[in-house]
Amino acid sequence: MKGLVLKSTGNNYKVKTDDGTLFDCHIKGKLRLNGIRSTNPIAVGDYVFFEPENESAGIITSIADRKNYIIRKASNLSKESQIIAANIDMAYIVVTIHSPQTLLQFVDRFLVTAEAYDIPCTVLINKYDLFQSPEDQAVIKEWQEIYILAGYEVLCISTKTGYNIDELQKRLVGKVSLLSGNSGVGKTSIIKAITNNNELKTSEISKSFHKGQHTTTFAEMYETPHGGNIIDTPGVKAFGLLNMESEEISQYFPEIFKYSSDCQYYNCTHSHEPKCNVIKAVEDGKIAVSRYKNYLAFMDDKNAKHREAQ
Ligand SMILES: Nc1nc2c(ncn2[C@@H]2O[C@H](COP(=O)(O)OP(=O)(O)OP(=O)(O)O)[C@@H](O)[C@H]2O)c(=O)[nH]1
Ligand SMILES: [Mg+2]
Ligand SMILES: [Zn+2]
């Protein structure tokens, strides 16, 4: 039998067949996967083949080919990597300017990762109801400008007031969408607002640290009312950049890549070279300074790692 993995807890997989029957599956022995070293061989969004043991349990025998997947390394240096989800059409990076504060470097690390896997991304600014002061509005405007300039859609929403939840609903139709972001930004609350599933657990961010409490512990896929699937994931602190060469990094900043074709040197790193068209675009305001700085920071990280390895 074939089914879709809705949830994976490491040993157990909640699998749904085409007719909607749920099976509690596990893996027997070792499942070999070509070339991926990860702590979890099967992820949410995978299609698997399994042998039923009874009407509600089964043993997974193999995984269907993946259209794509997205892997997270906990840090740049960590060897362990984890498949967050497979077969994704669209990723949403959920951010908040405070309560809790999302750092743009975190956003850019996520976007670079999604670009590396060729997964389109939208930036979702949640808790819009909290950001009405002139100071907060100025930050929202700045963030919108940064990411729109880079080619991403930016959508402000609020699960509290329902602001733009209908706009988000529209984008989810017919797709498998993934929500990612720091703990406490409201990923599960968004899924609650979209699916009207009131059993989902959310919790307030801590009063003393203004950070989320890591309420969601496993990724899980839910059906959306108008035909689509949405994946909730546990909040993450950081995204390590994947094993990419420093030259690759510029490809995953779409706007940097776009301007780089007119640099004088074919191997321009866009950091110090004369007649660098990327530096010119930054000066002309066509590439956001914060994106460019993060690009340089990621390149530095990589170079430091290379030196360490030698
Ligand atoms: N004011 C306001 N609060 C919100 C909004 N959306 C979510 N929250 C609150 O933010 C807190 C965290 O929400 P969760 O949905 O648990 O956050 P999460 O991203 O799933 O967190 P983890 O599961 O830990 O990764 C809860 O107290 C929510 O009620 C919003 O639009 N406005
Ligand atoms: Mg959650
Ligand atoms: Zn250049």
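## Polar contacts to ligand 1

In this predicted model, a polar backbone atom of G186 lies 3.0 Å from an oxygen atom of ligand 1. An N or O atom in the side chain of S183 is 2.6 Å from an oxygen atom of the ligand. For K187, the side-chain N or O atom is 2.7 Å from a ligand oxygen atom. Ligand 1 has 660 Å² of accessible area on its own, and the protein covers 90% of that.

## The shell around ligand 1

Which residues come nearest to ligand 1? They are D129, T159, S183, K187 and S189, out of 23 residues around the ligand. Two of these names, S183 and K187, return from the polar contacts above.

Sorted by class, the shell holds 15 polar residues, five charged and three nonpolar.

## The largest pocket

Where does the ligand sit? Ligand 1 takes up the space of the largest pocket. That pocket holds about 610 Å³ of space. Its lining counts 29 residues, and K127, G184, S189, S203 and I205 are the closest to the pocket centre. S189 is also one of the residues that come nearest to ligand 1.

## Backbone points to check

Most peptide bonds are trans, and most residues other than glycine have a negative phi.

S99 and P100 are joined by a cis peptide bond, with omega about -5°. P100 belongs to the loop between β8 (90–95) and α1 (104–116).

The other topic is phi at two asparagines. N164 is not a glycine, yet its phi is positive, about 65°. This residue is in the loop between β10 (153–156) and α3 (165–172). N196 also has a positive phi without being a glycine, at about 60°. The loop that holds N196 runs between α4 and β12 (220–223).

Technical notes:
Residues numbered from 1 in each chain as written. Chains lettered and ligands numbered in written order. Predicted model: local features only at pLDDT ≥ 70, side-chain atom pairs only at ≥ 80, totals over all residues. Heavy atoms only, no water. 1 Å grid on protein atoms, 1.4 Å probe; cavity = no way out; pocket = protein on both sides within 12 Å on 5 of 7 lines; lining within 4 Å. Points joined across faces, edges and corners; volume = space filled by probe spheres on them. Near = heavy atom within 4 Å. Polar contact = N/O pair within 3.5 Å; in protein donor to acceptor, adjacent residues only side chain to side chain. Areas by Shrake-Rupley, 256 points an atom, 1.4 Å probe, with all protein chains shown as cover. Sits in = over half its atoms within 2 Å of the grid points. Nonpolar A, V, L, I, M, F, W, Y, C, P; charged D, E, K, R; others polar. Helix = DSSP H or I, 4+ residues; strand = E, 2+ residues; numbered from the N terminus.
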